[in-house]
Amino acid sequence: MHIALLPGDGIGPEVIAEARRVLEALALPGMVFEEAPVGGAAYKASGHPLPQATLDLAKRADAILFGAVGDPDCDALERHLRPEQAILGLRKELALFANLRPAKLFPELADASALRPEVASQIDMVIVRELNGDVYFGEKGMRTTAEGKREGYDIMSYNEDEVCRIARVGFETAMARGRKLCSVDKANVLETSQLWRDVVIETAKEFPEVELSHMYVDNAAMQLVRNPGQFDVIVTGNLFGDILSDQASMCAGSIGMLPSASLDSNQKGLYEPIHGSAPDIAGQGKANPLATILSAAMMLRYSLGQSEAADRIETAVARALAGGARSPDLGGTMNTREMGDAVLAAL
Ligand code: NAD
């Protein structure tokens, strides 16, 4: 269990330090950590946000635990040198095509949700988003029409192999949970979505135990706030997943609570909190480390085959919250280290 720790910028090192303490407390045999700079920190140290040595470590490791990148000092740099390019580079270089975002409301935090507590309390789902294709990666450009008007275009496309591999991740995720998969598309108007739906239906034959349904994306956005309890696993493309996963996560509470995984086809993954480097609170001990600690739990479950240890961490987080642990984003006064201490004590 060789883990690459990439703390990055802003609150990244603060939250990674707490996740590392929790992982070390599990005392799992064979777990080793190797740390490397990434983002603005790497640019300042060596002139590039994703140095070759960091990329090599990420490729060598069994899993990557990532903090956050983004540094206001680097805002004036050329785009390819900005800290945020590091995460895009890692996704591309490691072929991390499947983004898993669980959205679950801890009952103690029902008041933190944008939804009414009785609706929010039903949320317990995983959104599986395709990460390497769709309209974000198609041909794009600006042109001038025959009438001399400016026109922007981005081509949306998916091939059947891309759909099949993300559909399988969706089905496998559902198999490990409530065995319900909802595929979200816009097949009533988009050819890309029609292929998506056809391939998902074909792939379903490999997973007869999973109950498959389909939903148009506009309806899915509405259902997520109307009746989020109906969803177990959602699988969708890059564009729809980008929007729906942010919507679902904020229905489930603070940004400081939500983990994510980005996986390749061998279950190797990069695990990170969904938040960024939060320069407004960096260095003040105000960062909530729970999203990163929960990302470490996902890493144990998905890439390292340690689901029992993952359960222990998630239970410890729930107990810490039940015991009153609250950082400022959750309406409390505990600092980052004290939040880590509360999880360790519960563990
Ligand atoms: P952000 O997520 O960093 O912060 C948004 C707000 O949430 C801020 O008010 C911040 O204080 C708060 N917040 C975030 N995480 C928190 C935590 N753990 N505990 C308590 N409060 C928390 O988003 P932003 O301000 O839009 O972006 C800041 C920088 O992060 C930018 O450079 C952006 O590009 C980068 N970013 C990086 C990633 C990534 O590394 N994957 C993701 C998003 C943004």
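Tutor: Let us start with cysteine 251, whose sulfur lies 15 Å from the closest cysteine sulfur, that of cysteine 182, which is too far for a bond. Please keep in mind that this is a predicted model.

Student: Why is cysteine 251 called buried?

Tutor: The label applies under 20% relative accessible area, and cysteine 251, with a value of 5%, therefore counts as buried. Cysteine 74, at 2% relative accessibility, is buried by that reasoning too.

Student: Which residues meet where cysteine 251 sits in helix α9?

Tutor: From α9, Phe240, Leu244, Gln247, Ala248 and Cys251 meet Val217, Ala220, Ala221, Leu224 and Val225 of α8. By class, this contact has 9 nonpolar residues, 1 polar residue and no charged ones.

Student: How do you know that α8 and α9 are roughly parallel?

Tutor: Helix α8 (residues 217-226) and helix α9 (residues 238-251) pack at an angle of about 5 degrees, with their axes 10 Å apart. Angles under 35 degrees count as roughly parallel, so α8 and α9 receive that description.

Student: What makes α1 roughly parallel to α12?

Tutor: Helix α1 (residues 12-26) packs against helix α12 (residues 336-346) at an angle of about 20 degrees, the axes being 10 Å apart. With the cut-off at 35 degrees, α1 is therefore roughly parallel to α12. The crossing of α1 past α12 is right-handed. On the α1 side the contact is made by Glu14, Glu18, Arg21, Val22 and Ala25, and on the α12 side by Thr336, Arg337, Gly340, Asp341, Val343 and Leu344. These residues divide into 4 nonpolar, 2 polar and 5 charged.

Student: Why is valine 317 called buried?

Tutor: Valine 317, found in helix α11 (residues 307-322), has 0% relative accessibility, and because the limit is under 20%, valine 317 counts as buried. Leaving aside residues up to four places away in sequence, valine 317 touches Phe106, Leu290, Ile293, Leu294 and Val343. Phenylalanine 106 is 211 residues from valine 317 along the chain, yet their C-alpha atoms are separated by 9.4 Å.

Terms used: Residues are numbered from 1 along each chain as its sequence is written. This is a predicted model: local features need pLDDT of at least 70, side-chain atom pairs count only at pLDDT 80 or more; totals for chains, interfaces and linings use all residues. Side-chain values use heavy atoms; hydrogens and water are left out. Axes are lines fitted to C-alpha atoms, for helices over the stretch in contact, and angles run from 0 to 180 degrees between N-to-C directions. Helices (H or I, at least four residues) and strands (E, at least two) are DSSP runs, numbered from the N terminus. Angles under 35 degrees count as roughly parallel, over 145 as roughly antiparallel, 65 to 115 as roughly perpendicular and the rest as oblique. A crossing is left-handed if the near helix is turned anticlockwise from the far one by less than a right angle, and right-handed if clockwise. Contact means heavy atoms within 4.5 Å. Ala, Val, Leu, Ile, Met, Phe, Trp, Tyr, Cys and Pro count as nonpolar, Asp, Glu, Lys and Arg as charged, and the others, Gly among them, as polar. Buried means under 20% relative accessible area, exposed over 50%, partly exposed in between (1.4 Å probe, protein chains only). A disulfide is a pair of cysteine sulfur atoms within 2.5 Å.
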